Amino acid sequence: MKTLLLFLSLSPLLFAQKESGNWALTFDDEFNGAELDLARWVPHDPRAPRDARAPEDVTVSGGELHIVARRKDSEYVSGIVSTFGLFSQIYGRFEIRCRVPAGPGLRPAFQLLPVPPGPLPAIDVFETTGSAPSKVFFANHWGTEQTERSFGDSFTGPDLSTGFHTLSVEWDHDKITWFIDGKEKFRSTDGIPHQPMYLLIDLAVHGPDATLPASFDIDYIRVYQHP
């Protein structure tokens, strides 16, 4: 019985290793609870004062994380989550399965940002706009604030607002490779970061005509590393 229980407790990890090509799972949130797991996430922007975002606009229900943007009085408020101070990793596979909101003025994004904290380097796992949710942007940023350099591209494919899709990067010592639904779309070999990065998932709002309320829905976040 002890052997069976041990196998059952390890089976999700073993399955993840098998399905992800010899990747070992190092971070995972399937959002199956009733609220945000504060052992994994902080519901504020580590780059800005805590009152710049609304923690109440980050909710968990139906097996999904919902990052919400809405009007509050005459202002816009929206949610954000990061793993700053809780989890970071150098190299690996970083994966999100999500559905983005449609409509002007919305900009959902998933980024990897540096530890120690700063604006650079940064990896945009993906970014899109609610006005063109079929166009996905990828980028790698490096250098300094005075001499920032970047290499990126965009891909037009599935409408990310009509269903859930999987977006990921594989980052190693020599390159960063981007994927949509398991298919390689872009690669960078310049300015590869060599320091731990934390995760940040955001729904930004721009412009007076933004379509609100809106929700950036996330089925899971998974991070892997070669054993």
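Asn140 has Phe151, a residue of strand S10, as its bridge partner. The model described here is predicted.

- Strand S9, residues 132–142, is joined to S10 by eight bridges, and the two run antiparallel.
- S9 and S10 belong to an open sheet of six strands, ordered S5-S14-S7-S8-S9-S10, with antiparallel pairing.
- The edges of the sheet are strand S5 (80–82) and strand S10 (149–156); each has a single partner strand, so one side of each lacks a neighbour in the sheet.
- On average, neighbouring strands in this sheet are turned by 15° against each other, direction ignored.

**Arg53: position and burial**

- Arg53 lies in the loop that runs between strand S1 (24–29) and strand S2 (58–61).
- Arg53 counts as buried because its relative accessibility is 17%, and the cut-off for buried is under 20%.
- Ala214 is 161 residues away from Arg53 along the chain, and the C-alpha atoms of the two residues are separated by 15 Å.

**Arg53: contacts**

- Beyond its neighbours within four places in sequence, Arg53 is in contact with Asp45, Ser78, Gly79, Ile80, Asp202 and Leu203.
- With the side chain of Asp202, the side chain of Arg53 forms a polar contact of 2.8 Å.
- A polar contact of 3.0 Å links the side chain of Arg53 to that of Ser78.
- Ile80, one of the residues in contact with Arg53, falls within strand S5 (80–82), which stands at an edge of the sheet.

Terms used. Residues are numbered from 1 along each chain as its sequence is written. This is a predicted model: local features need pLDDT of at least 70, side-chain atom pairs count only at pLDDT 80 or more; totals for chains, interfaces and linings use all residues. Side-chain values use heavy atoms; hydrogens and water are left out. Helices (H or I, at least four residues) and strands (E, at least two) are DSSP runs, numbered from the N terminus. Buried means under 20% relative accessible area, exposed over 50%, partly exposed in between (1.4 Å probe, protein chains only). Contact means heavy atoms within 4.5 Å. A polar contact is a pair of N or O atoms within 3.5 Å; within protein, one must be able to donate a hydrogen and the other to accept it, and residues adjacent in sequence count only if both atoms are side-chain atoms. Two strands pair if DSSP finds at least two bridges between them. Axes are lines fitted to C-alpha atoms, for helices over the stretch in contact, and angles run from 0 to 180 degrees between N-to-C directions.
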